Every structure is written in structure tokens, then in C-alpha cells.
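Student: I'd like to learn how to read charged side chains in a model. Could you walk me through it?

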Amino acid sequence: PIALPLGGLIGPDRELVDQVLGEGEVSAQVTGEGGTLGIQESVFAGVWRLLGKDHDGAVFADRVEVGEVPAAVRLAGASGSATPTALPVTAGVVNVPALLAEIAEQAVRPSAPTHVINLSLLPFGPEDGAWLDLCLGRGPVTLLSRGYGNCRVTATGVARVWWVQYFNSLDALILNTIEVTEVPEVACAAALDLEDSAERLEE
């Protein structure tokens, strides 16, 4: 992505930029030891507003990025352990050991195409979900895409492994997947979207 720093703008100029960009459907947070980077896609797909603050509230990042997804999301998603943690199987866990083996096999293949495991099609109870969550851990990225419903994308503690959950308008879970990829497609702006945004901004 192309980064455009806004730190040098005076208050009214920065407010005008924010007003023109508006807020789109995708928002994200990237957390780290230095603080939290808040990300909001603008009404122009592929144009992102980023504002980072440390634990004391001081701003460490203030910029616009143009690209399919902000660089910080991609970098944070690539961090983490190489494979899931092997934990003792607890009562009620049925399918997760086999899933972990599949995830571990795919996670060490960075050049492979996106691999999707549809948990909604499997016998997958609350015990399975809790144990899989423990084995994968939690990563530093959370994204929310709002459309006809909500899509929540969470980086796990394993590099390039994401938990993607789709909810309907009543906030009921309708699709539950694990994706092994750099960044899930639902969080990225497509090339056609970027072209459309360029035309709209030029107008």
C-alpha cells in the first residue's frame, strides 16, 4: 500500500480529509506492545484511515493508506507461531485434533493458495470451539466487515491462520471458518474496487 502521512496537516485540514473520506464497511484494530492502531476503511474502497495511539494516548501513527489492505494488517497476520500448540484433549472434544493436523500442514506452506476449513459443515460443539481457540491462541488483529450482516475476522496466534465468522442481521452465527492465508479475501479491497475509488476521487 501507498502511505500518505497526515501528521503535518493542521487541524481543519485533517478534519476535512476525514469528512471527505467518511467511514466504509471495514474497520480493524492491530494491537501491540506500543499501543493500538485503529483502522477504518473510507467510503472509497481501498482507501484506509489509520490512527495509532500508545497506552498513554499519544499519537504514533496518523496516515492514509491506499491498497487492498493496510500493511500493518498483513504484517501482524504473518506474526505468531509456526504451528498450533498441542494441548491435552479435554472431554467433549471430537474433531479438533484432526483439524489441528490439517491447519499445521497448511500453515507451513506460505506460497499455497488460500485454504478454507468450513467448521459449519462439521460436528463442532462448544467444547471443540473452546479447545481449538486455546490451541490456536489469539493474534493482534481483529477486523469487522459490516454489510448485510457482520463478518468478524480474527488473527489467531498461528501465523497466517485466521478465524472468520459470518453473522446475520440478528447476530446469529451462520458461517464459521478457519482460513489459512495472508489476509482473508473478505477484508481486502478488490482491484475493481480500487479502480472505482480512483474514478470517484478524481470526479
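This is a predicted model: local features need pLDDT of at least 70, side-chain atom pairs count only at pLDDT 80 or more; totals for chains, interfaces and linings use all residues.

Student: Which side chain does Asp 62 meet in a salt bridge?

Tutor: The general idea is that side chains of opposite charge can pair when their charged atoms come close. The cut-off for a salt bridge is a side-chain nitrogen of Lys or Arg within 4 Å of a carboxyl oxygen of Asp or Glu. Here the partner of Asp 62 is Arg 49, at 2.7 Å from N to O. Asp 62 sits in strand E5 (residues 59-66) and Arg 49 in strand E4 (residues 47-53), so the pair links distant parts of the chain, 13 residues apart. Strands (E, at least two residues) and helices (H or I, at least four) are DSSP runs, numbered from the N terminus. Arg 49 is buried too, at 13% relative accessible area.

Student: How many salt bridges are there in the whole structure?

Tutor: A search finds seven. One of them joins Arg 74 and Glu 68, at 2.6 Å from N to O. Arg 74 is partly exposed at 26%, and Glu 68 is partly exposed at 37%.

Student: What other residue forms a salt bridge with Arg 74?

Tutor: That's Glu 182, with the closest N and O atoms 2.5 Å apart. Glu 182 lies in the loop between strand E10 (173-180) and helix H5 (191-202), and Arg 74 lies in helix H2 (residues 71-77), so the pair ties together parts that are 108 residues apart in sequence. Glu 182 is partly exposed, at 43% relative accessibility.

Student: Which residues do salt bridges with shared partners join into one network?

Tutor: Those are Arg 14, Asp 18, Arg 49 and Asp 62.

Technical notes. Residues are numbered from 1 along each chain as its sequence is written. Side-chain values use heavy atoms; hydrogens and water are left out. Buried means under 20% relative accessible area, exposed over 50%, partly exposed in between (1.4 Å probe, protein chains only).
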